[in-house]
Amino acid sequence: MKDNQRIETRCLHAGYEPKNGEPRVLPIVQSTTYKYESSEAMAKLFDLEAEGYFYTRLQNPTNDMVAAKIAALEGGVAAVLTSSGQAASFYSVFNVAAAGDHVVASAAIYGGTFNLFSVTMKKLGIDFTFVSPDATREELDAAFKENTKAVFAETLSNPSLTVLDIEKFAAAAHAHGVPLIVDNTFPTPINCRPFEFGADIVTHSTTKYMDGHATSVGGVIVDSGNFDWTANDKFPGLTTPDDSYHGIVYTERFGKGAYITKAVAQLMRDLGSIPSPHNAFLLNLGLETLHLRVERHCQNAMRVAQFLEAHDKVSWVNYPGLPGNKYYDLAQKYMPHGTSGVISFGVKGGRAAATVFQDSLRLATIATHVADCRTCVLYPAGTTHRQLTDEQLIACGVPDDLLRLSVGIENVEDILEDLAQALEKC
Ligand SMILES: *Cc1c(COP(=O)(O)O)cnc(C)c1O
């Protein structure tokens with residue numbers, strides 16, 4: 001790939017460059033296994049002495065080409081696809097932290113990630129301290145411990161839509177000798193390039209805008225190649241011999257590729273959370289138009305946010321692209337071309353009005369999904385959070401009038417007409 005290509009061109013061309021007579025479109029290599037001519041050739045692969053394919057749980061050409069495209073979009077050196085966004089979040093941390101270790105994480109993260117960290121990874125012996133995304137540098141510093149191995153946050157949080165001060169979080173992580181891992185699902189690399197602001201590792205739920213058509217659950221982990229794992233003794237998994245590969249040392253053998261090579265050769269080998277090559281192919285189709293879709297999502301969402309803000313049945317609107325939003329200035333700095341298509345807002349009249357509104361929509365569909373090309377809506381207090389009391393809803397930042405709207409790429413006039421007729425019924 002040409003290093004100077006712009007991101008729109010990379011969406012189309014990065015990761016796969018066909019040679020003379022080869023298929024123009026990314027081929028689906030739907031094969032679990034690969035043929036070799038000699039025992040020696042295969043033995044070298046098993047020892048990580050030669051590069052090549054031998055079993056799709058470790059590597060597959062289709063998956064690798066799509067991972068390389070996403071690495072190019074983020075400006076990273078290497079990437080690995082995972083079977084879901086949840087798997088990407090898990091492996092990104094588990095690759096550098098083990099039982100007895102500690103991680104600092106923003107409290108403004110996807111509910112599934114919060115549960116993964118606070119319940120499931122805790123059972124594995126990894127402890128998390130959650131900090132406010134608005135924490136001062138002093139508050140951040142106070143969260144670190146001797147055994148802290150990473151900092152994790154979302155660049156634009158789902159569903160609360162807080163914008164991370166990436167430089168502040170990166171500076172704190174680096175001062176304590178650990179990497180900053182960010183989940184960049186909502187802005188995508190079209191709107192935000194976290195490596196340019198000091199983040200070290202980026203993850204995505206590719207299920208969202210990257211796929212964009214709601215066909216395939218998936219995830220990705222991308223390494224900037226910038227973090228020096230050898231600067232201290234916090235990362236023995238990367239800097240000391242791996243007995244399961246005859247004592248190779250990842251940082252010595254693979255340099256800037258150490259982190260992703262370890263994730264593949266060790267974690268995917270042992271835990272096996274890879275996507276099917278067919279899903280990677282569908283993800284690639286989504287990536288080819290990512291730049292066009294994200295731009296339209298943001299244009300439409302801005303019009304919708306302005307419409308809602310001016311509507312007398314709407315009590316509040318949260319969209320970081322709106323002037324006056326708490327995160328407007330950070331959004332202008334880190335995602336100046338737009339944030340995402342996701343808006344949250346409240347309707348006057350609480351649960352009853354929100355339910356009538358949602359049931360009255362004709363174009364927007366009720367769906368437990370965001371970042372789809374089709375407009376969709378979710379009323380958390382009536383669905384995902386319906387077991388909670390009003391007090392509990394407030395405590396977890398989901399007031400009973402909150403509606404989450406994921407603005408699609410339909411003609412915006414049709415979206416606005418749909419919202420207007422539903423608001424009239426409230
Ligand atoms: C959806 C989501 C995830 C989880 O991804 P899955 O692909 O559903 O496993 C993680 N982070 C964010 C920000 C998400 O929106």
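Some ground rules. The model is predicted, so to speak of local features we need pLDDT of at least 70, side-chain atom pairs count only at pLDDT 80 or more, and totals for chains, interfaces and linings use all residues. Residues are numbered from 1 along each chain as its sequence is written, and side-chain values use heavy atoms, with hydrogens and water left out.

Salt bridges to begin. Side chains of opposite charge can pair when their charged atoms come close. A salt bridge here is a side-chain nitrogen of Lys or Arg within 4 Å of a carboxyl oxygen of Asp or Glu. How many salt bridges does the structure hold? It holds 11. I will show you some of them.

Take Lys 333 and Glu 167. Their side chains meet in a salt bridge at 2.6 Å, N to O. The pair links distant parts of the chain: Lys 333 sits in helix α14 (residues 328–334), Glu 167 in helix α7 (residues 166–175), and they are 166 residues apart. Lys 333 is partly exposed, with a relative accessible area of 40%. Glu 167 is partly exposed too, at 35%. The cut-offs: buried is under 20% relative accessible area, exposed is over 50%, partly exposed is in between, with a 1.4 Å probe and protein chains only.

Next, Lys 122 and Asp 127. They meet at 3.1 Å, N to O. Asp 127 is partly exposed, at 32%. Then Arg 193 and Glu 196, at 3.9 Å, N to O. Glu 196 counts as exposed, at 56%.

Now the inside. A search of the whole structure finds one cavity of 30 Å³ or more. On a 1 Å grid over the protein atoms alone, a cavity is a set of points where a 1.4 Å probe fits but cannot get out; lining residues have an atom within 4 Å of a point. Points are joined across faces, edges and corners, and the volume is the space filled by probe spheres set on them. The largest cavity holds about 60 Å³. Its lining includes Leu 81, Thr 82, Asp 211, Asn 279 and Leu 283. Both β1 (78–82) and α12 (277–288) supply at least two lining residues each.

On to the sheet. Five strands form an open sheet in the order β8-β9-β12-β11-β10, with mixed pairing. Two strands pair if DSSP finds at least two bridges between them. Why do β8 (314–318) and β10 (365–366) each have a side without a neighbour in the sheet? Because they stand at the edges, each with a single partner strand. Further in, β9 (residues 342–347) and β12 (residues 402–406) pair antiparallel over five bridges. Phe 345 has Leu 403 in β12 as its bridge partner.

Last, the backbone. The peptide bond from Asn 158 to Pro 159 is cis, with omega near 5°. Pro 159 is in the loop between β4 (148–154) and α7. Ala 214 has a positive phi, near 60°, and is not a glycine. Its loop runs between β6 (201–205) and β7 (219–223). His 246 also has a positive phi, about 50°. His 246 lies between α9 (236–239) and α10 (250–254), and at 66% it counts as exposed.

How values were computed: Helix = DSSP H or I, 4+ residues; strand = E, 2+ residues; numbered from the N terminus. 1 Å grid on protein atoms, 1.4 Å probe; cavity = no way out; pocket = protein on both sides within 12 Å on 5 of 7 lines; lining within 4 Å.
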